[in-house]
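I opened this notebook to record what I looked up in one structure.

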Amino acid sequence: MPELPEVEIAARSLAPQVEGRTIVALERLTWERMVETPDHERFRMLVVGREFRRVYRRAKWVLLELDAGWTLAIHLRMSGHLIVQGPGVEVRHHVHLILQLSDGGRLCFDDERKFGRVRLLDAAGLAALDAAHGPEPLAESFTPAVLASILAKRSTRLKSLLLDQRRIAGLGNIYVSEALWLARLHPRLPAEQVDFQGVTALHSAIRTVLQQAIAHEGSSLRNYRNSYGRRGQNQEHFLVYDRAGQPCSRCGCPIERTVIAQRSSFVCPTCQGA
Ligand SMILES: [Zn+2]
């Protein structure tokens, strides 16, 4: 599933292709559950004629700011990706939503597994979406003290806490595994037991793995593509994720796969000793 770096790259690659363009038609909506709000008639009525002002990211949402106070919020979930295609290009089978743009381009939401979601939000809706998520780990305001306050007095396992979007935004299974290895912390450790040194290491590790993944244009495990249809390269640089049985690059001990919070975790039993 795309996480913060992939969604960041999706937004960045989409921006120059849609900003300043107007939506001239809702050309296709073949998977109705994709649009969560408002109902489809209203969605069509409100979205046509709107101009894209800005594309950015919050947590794992791509946010497309429109004129008249509306924002199109898109969650890629398991397999979704956004792509802009020129006129006359054959649209792929899994494209369930197409917005026609004033320059002849078509913004397509391609989603093989159909878990992706779209919401058209007014200012209050956008504020609610923002409030439902914890701080952005790459924001300047995300300091070690902020992370310490998130971990304090919580007996939840580190892994579960870091995956919880209400506590901290944008992390998923890949980057939690990577950050915990880098910080030498075991995913099963209760959050409140991380000492100050551990918090500082984890803070630095989270930012490092996210920044490196963005520099590599995200991780493409299955379907992920940026908005030009290009794969990311970060999967070539994984530290522990999906590397069970391979030697830890720090100590040589084989990486182990365990299941925590119903998700695969990859840990070095020596460096991240439980
Ligand atoms: Zn190791």
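**Conventions.** I work with a predicted model, in which local features need pLDDT of at least 70, side-chain atom pairs count only at pLDDT 80 or more, and totals for chains, interfaces and linings use all residues. I number residues from 1 along each chain as its sequence is written, and side-chain values use heavy atoms, with hydrogens and water left out.

**Annotations.** I looked up the UniProt features, whose positions are given in the numbering used here, with shortened names, and which may be inferred rather than shown by experiment. The unreviewed entry annotates residues 2–116 as "domain: Formamidopyrimidine-DNA glycosylase catalytic". I find 20% helix and 41% strand in that span, with its end C-alpha atoms 11 Å apart. Helices (H or I, at least four residues) and strands (E, at least two) are DSSP runs, numbered from the N terminus. The unreviewed entry also places "domain: FPG-type" at residues 239–273. For residues 239–273 I note 0% helix, 29% strand and end C-alpha atoms 17 Å apart.

**Zinc site.** Which residues coordinate the zinc ion? I find the SG atoms of Cys248, Cys251, Cys268 and Cys271, at 2.2 to 2.4 Å. Donors are N, O and S atoms within 2.8 Å of the metal (3.2 Å for Na, K and Ca); water is not among the atoms, so sites may look incomplete. The donor residues follow the spacing C-x2-C-x16-C-x2-C in sequence. The donor atoms subtend angles of 97 to 113°, which makes the arrangement tetrahedral (four donors, all angles between 85 and 135 degrees). Cys268, at 0% relative accessibility, counts as buried, and Cys271 counts as buried at 12%. Buried means under 20% relative accessible area, exposed over 50%, partly exposed in between (1.4 Å probe, protein chains only).

**Helix H7.** I checked the length of H7 (residues 196–215): at 1.5 Å a residue its 20 residues should span 28 Å, and the end C-alpha atoms are 29 Å apart, which agrees. The expected span is 1.5 Å times one less than the number of residues. Buried residues of H7 include Leu202, Ile206 and Leu210. The buried residues of H7 pack against helices H1 (4–18), H4 (144–151), H5 (158–163) and H6 (173–182), where contact means heavy atoms within 4.5 Å.

**Strand E8.** Six of the six residues of E8 (residues 106–111) are buried, so the strand is largely enclosed by the rest of the structure. Arg106, Cys108 and Asp110 lie on one side, and Leu107, Phe109 and Asp111 on the other. I recall that side chains in a regular strand alternate between the two faces of the sheet. E8 pairs antiparallel with strand E6 (residues 80–85) over six bridges, and Val84 stands opposite Leu107. Two strands pair if DSSP finds at least two bridges between them. Five bridges join E8 to the antiparallel strand E7 (residues 95–101), with Val95 opposite Asp110. E7 and E8 form a hairpin with four residues between them, and Gly104 in the turn has a positive phi of about 95°.

**Backbone angles.** Most residues other than glycine have a negative phi, and most peptide bonds are trans. I noted a cis peptide bond from Thr37 to Pro38, with omega near -5°; Pro38 is in the loop between strand E2 (35–37) and helix H2 (40–47). Ala261 has a positive phi near 55° and lies in the loop between E10 and strand E11 (263–267).

Notes:
Four donors count as tetrahedral if all angles lie between 85 and 135 degrees; four count as square planar and six as octahedral if opposite donors are over 155 degrees apart and all others between 65 and 115; anything else is irregular.
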